[in-house]
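This report describes a structure with the sequence shown alongside.

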Amino acid sequence: MNMKPTLIAAAISLLAFNAHSAGPEFHHQPHAAGIETYGYTWNSPDQDMNRALAYKASAQRGKSAYKICKGCHKADGSGQASADYPQLAGQHATVIIKEMMDIRAGRRDNPRMYPFAGEWIVSAEEIADIAVYLNHLPVNDSNDKGNGKNLALGKSLYDKDCASCHGGNGEGDARKFYPRVAGQHYEYLLRETHESRDQGRRNANPEMVKVLKSYGDADIEAVSDYMSRLLPAKK
Amino acid sequence: MTYPTAKFLAAVALLGGGLSLVSAALAESPAATAAANVCAGCHGADGNSVATTFPKLAGQQNKYLLRELMDYKSGKRVSEIMAPLVADLSESDLAELAAYYAKQKPAPGVAGASALMKAGKNLYLKGNSKTDVPSCDGCHEENGNGDGKFPRVAGQHVDYVLDQFRLYAAGKRTNGARVMQAVAERMSEQEARAVAEYMASMP
């Protein structure tokens, strides 16, 4: 066998390390093909996702499984007023399942969350339980909002480009995996919309990315502000 | 036959605990004898250990205790001290032990005069969003009592907790769901100390 000395050294050090532990590599997020890849299909069938979607989920079990998430996304699912912790309360269960599976598979890059989202932490069935639980939580309307200066522009852009999928009131569409955007934190909407336009959010819907291509930063700020202020539809 | 390490024996001798492996081997209820003669040496008869590097077990979550004991036995949780002590105990012995300590009354936490207490409380309840450290109360509950597989942390010794943070951060404690590994990696030494001081103070 013709192994280079460095490779042998690496192999030995790996063995030595594994003698003590399973190693930290378990929480390095994998990388899967996304929108940057030719032929990428949005929301293509995923075994893990189908298992979660087919599962008869229970909000009661979800409440208990949600504990792991609570430390960041908060007990009421309202997240935090920053780009990092979206409000999950009231989100469609299908959307939560899809996004979780995209993070698990590496179609949506989130190395900070990945260590809490792996299959060794939550099973596909538990994700389904959590998703149903979160969907039943009331949307917290004291979410982070923009400066309110360009809401007219935000509304016109939203009605023209976004409402057909995300709904006139930002309610999204559970059946089509389109997220509810109403009441989401402004900073989060801002970052995700930027990332979607610039192909940093690799699981974004190509149709949406096409629309966003013509958006300047001011447009994104205005439409994010508008979405953050859409009143959640009362259940 | 495995023997307890010298370190362990020294610790027991220091505490003046009565260690009798002979009676453990002869007893009809291995768990009861182990609790009285073996565990008590380090963890205290009622699970309220005095030595700060040995965790308090009194009032600890039953499910968590059993998992840890089983993991010591299988080697998933590595401890030179614990491994030989649980080697000859069966799962039902360990379950009996876990249930015994879970039922004991925990001694109340001691409020230290630490200047880090406020920072510790803040981290415990809010986390650190700049470094993506989740708050502790999500899993360990606001009162630190834990829940099921999530251990009680209230009143735990600062030294023990700090040891665990270091083991997690170094990738040397990998049993359980490994959530704490990711958390500990993101915490500074100062944050770990602050939150440990706060947990130790919880009643």
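The secondary structure of chain A consists of ten helices and zero strands. The structure is a predicted model. Along the sequence, chain A therefore reads α-α-α-α-α-α-α-α-α-α. Chain B has eleven helices and zero strands, in the pattern α-α-α-α-α-α-α-α-α-α-α.

The table sets the two chains side by side.

| Chain | Residues | Buried residues | Contacts joining residues at least 24 apart, among those at least 6 apart |
|---|---|---|---|
| Chain A | 235 residues | 44% | 78% |

Confidence is known for chain A as a mean pLDDT of 89, with 87% of its residues at 70 or more. Where pLDDT is low, the predicted coordinates should not be read in detail.

## Domains within each chain

The domain assignment of chain A gives domain 1 (47-136) and domain 2 (151-228). The centres of these two domains of chain A, taken over C-alpha atoms, are separated by 21 Å. In the contact between them, 17 residues of domain 1 of chain A meet 15 residues of domain 2 of chain A. The side of domain 1 of chain A that touches domain 2 of chain A has five nonpolar, seven polar and five charged residues.

Chain B is divided into domain 1 (6-103) and domain 2 (117-201). Here 15 residues of domain 1 of chain B are in contact with 18 residues of domain 2 of chain B. On the domain 1 side of this contact in chain B there are four nonpolar, five polar and six charged residues.

## Where the chains meet

## The nonpolar cores

The largest nonpolar core has 61 residues, and the members that touch the most others are A:Ile97, A:Ile127, A:Ala131, B:Val195 and B:Met199. Several helices each supply at least two residues of this core, including helix H2 (47-54), helix H5 (93-105) and helix H6 (124-136) of chain A, and helix H7 (117-126), helix H9 (158-169) and helix H11 (189-201) of chain B. H6(A) gives the most to this core, with eight residues.

Leaving aside its neighbours within four places in sequence, A:Ile97 is in contact with A:Met49, A:Ala52, A:Leu53, A:Ile127, A:Ala128 and A:Ala131. Another core, of 19 residues, lies apart from the largest one; among its members are B:Leu85, B:Leu94, B:Ala98 and B:Tyr101.

## Helix H11 of chain B

H11(B) has 13 residues and reaches 19 Å from its first C-alpha to its last, close to the 18 Å expected at 1.5 Å a residue. Why is H11(B) described as largely enclosed by the rest of the structure? Ten of the 13 residues of H11(B) are buried, so the helix is largely enclosed. Among these buried residues are B:Glu191, B:Val195, B:Glu197, B:Tyr198 and B:Met199. The buried residues of H11(B) pack against H7 and H9 of chain B.

## Two residues with positive phi

B:Glu141 is not a glycine, yet its phi is positive, at about 70°. B:Glu141 is in the loop between helix H8 (137-140) and H9 of chain B. Is B:Glu141 buried or partly exposed? There are 16 other C-beta atoms within 10 Å of B:Glu141, so B:Glu141 counts as partly exposed.

B:Arg178, also a residue other than glycine, has a positive phi near 65°. The loop that holds B:Arg178 runs between H9 and H10 of chain B. B:Arg178 has 22 C-beta neighbours inside 10 Å, and because the cut-off for a buried residue is 20 or more, B:Arg178 counts as buried.

Note on methods. Residues numbered from 1 in each chain as written. Chains lettered and ligands numbered in written order. Predicted model: local features only at pLDDT ≥ 70, side-chain atom pairs only at ≥ 80, totals over all residues. Domains from an automatic or database assignment. Contact = placed C-beta atoms within 7 Å. Nonpolar A, V, L, I, M, F, W, Y, C, P; charged D, E, K, R; others polar. Helix = DSSP H or I, 4+ residues; strand = E, 2+ residues; numbered from the N terminus. Buried ≥ 20, exposed ≤ 12 C-beta atoms within 10 Å, placed from the backbone. Core = buried A, V, L, I, M, F, W, Y, C linked by C-beta atoms within 7 Å. pLDDT = per-residue confidence, 0-100. Expected span 1.5 Å × (residues − 1).
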